[in-house]
Amino acid sequence: MKYIDEFRDRDKAATLVREISKIAQSFRQDRPIQIMEVCGGHTHAIFRYGLEGMLPEQIELVHGPGCPVCVLPMGRIDDCLAIATQPGVILTTFGDAMRVPGSRGSLLQAKANGADIRMVYSPSDALTIARANPDREVVFFGLGFETTMPSTALTVLEAERDGIGNFSVFCNHITIVPTIKAILDSADLRIDGFLGPGHVSIIIGTNPYEFIAQHYRKPMVVSGFEPLDVLQSIWMVLRQLAEGRAEVENQYARVVSAGGNAAALRAIERVYELREFFEWRGLGSIDYSGVRFRKAYERFDAECRFAVPNVQIADPAACQCGDVLKGALKPHQCKVFGTACTPETPLGALMVSSEGACAAYFRYAAKAA
Amino acid sequence: MKTVTLSHGGGGKAMKDLIDEVFVVAFDNPLLAPLDDQARVPMSALTQQGNRLAITTDSFVVDPLEFPGGDIGKLAVCGTINDLAVGGAVPLFLSCAAIIEEGLPFDVLHRIARSMAVAASEAGVQVITGDTKVVQRGACDKLFLTTTGVGAIRAGIELAADRARPGDAVLVNGVLGDHGSAILAARGDMALDAPIDSDCAALHGLVGAILAAAPATRFMRDATRGGIATVLNEIALAAKCGIEIDEAAVPLREAVKGFCEILGLDPLYLANEGRLVAIVPAEQADAALAAMCAHPLGKGACRIGQCTERRPGQVVMHTMLGGQRIVDMLIGDQLPRIC
Ligand code: SF4
């Protein structure tokens, strides 16, 4: 932990904030500079350390779509419940997916009603459960960006190698680049620069983001997750803006390289193929933003193995998650924030996970504002 | 391996044997000995200690039953003692009701009963009555315990959450989150063997020391389920004052920090079983702190913040970085994050 404490030094933070304020004052524009952090881990750090309140008024942080739990649409949760409630199935899932609302309740509620749903910390835990219960069908609720994609892929490869027949994955993995592109293409975009995701970039590297700088002329800084990382990255984005540059910079060079992690990328390439489109909560359908298993691994695909209703359910009409995700609204400006939509009864998924912008706002900031 | 069966709950000889062999042997004391439907306690036993009766009851369910630093039995004794103690009561007697799932090994039951007995005798309280039920497999999880505690409160001691005032110091008696981490680690479902012991302990001695050193103490509460964050919120709401704490001052073991970091948990919400929050007027805070530090269960005591006029009903943390954030009540359980 000594190592980590280095990245939480109060004096260094104060120095960075001073530098940030200096640059921010030099901007002459009538609206605040909007910087989007794409990754839920950054959102979490920003709220946990109260970073937003330390920044000058001219800077507004927009909490992007990078919380993979938050962007799951209701239909996918319903599909997952349909699998979980089939006889003989043990559904295994990461903890924070438990509370995401579907149209007929969450996994947590289904568990209370008797479905065998177990929390795991990794897909390989799920495989262990499958080995221990050969007479049951063990399904892993696979979700996340490129961060968690390789571990799911490696687990599937392991299941194949060991001939484990009762293991499959309900695959909801999504990929970051089309998503950022969809945000950049949206008509009401106001984002001035991006903090790039740290964990995802460990896998994919920084090269895939070049289009953001080259085509859209927006700065992006790939950032670590410690509070000083985030502050320094904000400063780096501002400096690019001040100097009229638009580049992909790497603040998180201690673990992120330009080319990414070759072994992980190979596992991804081997196991998955792109879906033509994937439905996102709040953002609608985004082309080529999700993946599924290739033909050769079809037998590990829960969607091939079980009858999945494939339901499409529109987001609740009152829900403004999409506008919040794109930075057009701050969480507390949503009409139902804190009234119809609270962490206890989330209407939109941004209220569910601790990385969701609305939940973080509600818990850490709303009342302080 | 001998195990408990439904016949041990049948009310006949098997049940009497189980009670005698496991509980009576362990708790052995003259008030329990008659094994009547009720224990009969002379009033003087209470009136010598104070002018008010304190009664509390709590049920204990924990998985696993035994964990580093304690077990469900020790927990059931210390937890109920602490609920008495933080109200300023001298704990005197306990009852114990056990609901046992058929199939529980006798060995385990013996160990837990002995552990209860040790915890009770160390704390100077007696288990004077009890009850045992055996239920079918699946109707409970191995063993549930309910303990009721009786104690006496000395004249003049008035502790209540709504007595907290702006300016009061917020003290804790040591590192936080050990129990919660120990239990999570002991469940072993996270492939991470953190060497963390539960902080499970009976706190009435410490409470006595605090009250002796700082008689104007406003309120104390043990920070069990929901952790310190929950207790502070309860105090802020009851007293209609704000509470500001300083992240850098919140004592945490390195192992707990690392554990929380990996799992994305917030240590402020982790359960403790031997930690309390004391709200003490500023002028007696140093005396209270010194008394805590001098006590074996208060070695790591420190001041983590104070009550404020600002933001009544809210708990605010000054973060290590110099920012601020609200520390809210927890909704549901903490669920680990995925990335
Ligand atoms: S308050 Fe609820 S509905 Fe509104 S944007 Fe946030 S999560 Fe979506």
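**The domain boundary in chain A**

Guide: Domain 1 of chain A and domain 2 of chain A bury about 920 Å² between them, and carbon and sulfur atoms give 73% of that area. On the side of domain 1 of chain A, the residues that lose the most area to domain 2 of chain A are A:V200, A:I203 and A:V352. Together these three make up 41% of what that side buries. Bear in mind that this is a predicted model.

Look next for charge pairing. The count between domain 1 of chain A and domain 2 of chain A is 0 salt bridges. Two elements each supply at least two residues to the side of domain 1 of chain A that touches domain 2 of chain A: β2 (59–66) and α10 (198–204) of chain A. The largest share of that side, 4 residues, comes from α10(A). By class, the side of domain 1 of chain A has 10 nonpolar residues, 4 polar ones and no charged ones.

In the domain assignment, domain 1 of chain A is built from four segments, 1–67 + 177–219 + 229–243 + 315–369. Domain 2 of chain A takes 74–174 + 290–305. The centres of the two domains, taken over C-alpha atoms, are 30 Å apart. In contact terms, 14 residues of domain 1 of chain A meet 9 residues of domain 2 of chain A.

A:T206 sits in the loop between α10 and α11 (210–214) of chain A. Is A:T206 buried or exposed? A:T206 is buried, because its relative accessible area is 8%, under the 20% cut-off. Leaving out residues up to four places away in sequence, A:T206 touches A:V222, A:V248, A:N250, A:V256, A:S257 and A:A258.

Helix α5 (residues 74–84) of chain A is mostly covered too, with 11 of its 11 residues buried.

Salt bridges do turn up elsewhere. The whole structure has 36 of them over all chains. One joins the side chains of A:D185 and A:K181, at 3.3 Å from N to O. These two are 4 residues apart in helix α9 (residues 176–185) of chain A, so about one helical turn separates them. An α-helix has 3.6 residues a turn, so residues three or four places apart point the same way. A:D185 is partly exposed at 44% relative accessibility. A:K181 is partly exposed at 38%.

A second pair is A:E276 and A:R292, whose side chains meet in a salt bridge at 3.6 Å, N to O. A:E276 lies in the loop between β10 (272–274) and β11 (277–280) of chain A, and A:R292 in strand β13 (residues 291–293) of chain A, so the pair ties together parts 16 residues apart in sequence. A:E276 counts as partly exposed at 42%, and A:R292 as partly exposed at 24%. There is also a network of salt bridges, linking A:R131, A:E158, A:R161 and A:D162.

Chain B has a boundary of its own. Its assignment gives domain 1 (6–153) and domain 2 (161–326). Their C-alpha centres lie 28 Å apart. Here 18 residues of domain 1 of chain B contact 20 residues of domain 2 of chain B. The two domains bury about 1600 Å² between them, 65% of it on carbon and sulfur atoms. B:P68, B:N82 and B:V86 supply 34% of the area that domain 1 of chain B buries against domain 2 of chain B, more than any other three residues. Salt bridges across this interface number 0. Polar contacts are found, however: 6 residue pairs, both members at pLDDT 80 or more. Helix α3 (residues 72–85) of chain B gives the largest share of the side of domain 1 of chain B that touches domain 2 of chain B, 8 residues. That side divides into 11 nonpolar, 4 polar and 3 charged residues.

Key:
Residues numbered from 1 in each chain as written. Chains lettered and ligands numbered in written order. Predicted model: local features only at pLDDT ≥ 70, side-chain atom pairs only at ≥ 80, totals over all residues. Heavy atoms only, no water. Domains from an automatic or database assignment. Contact = heavy atoms within 4.5 Å. Buried area = accessible area lost by both parts, 1.4 Å probe. Salt bridge = Lys/Arg side-chain N within 4 Å of Asp/Glu carboxyl O. Nonpolar A, V, L, I, M, F, W, Y, C, P; charged D, E, K, R; others polar. Buried < 20%, exposed > 50% of the residue type's maximum accessible area, 1.4 Å probe, protein only. Polar contact = N/O pair within 3.5 Å; in protein donor to acceptor, adjacent residues only side chain to side chain.
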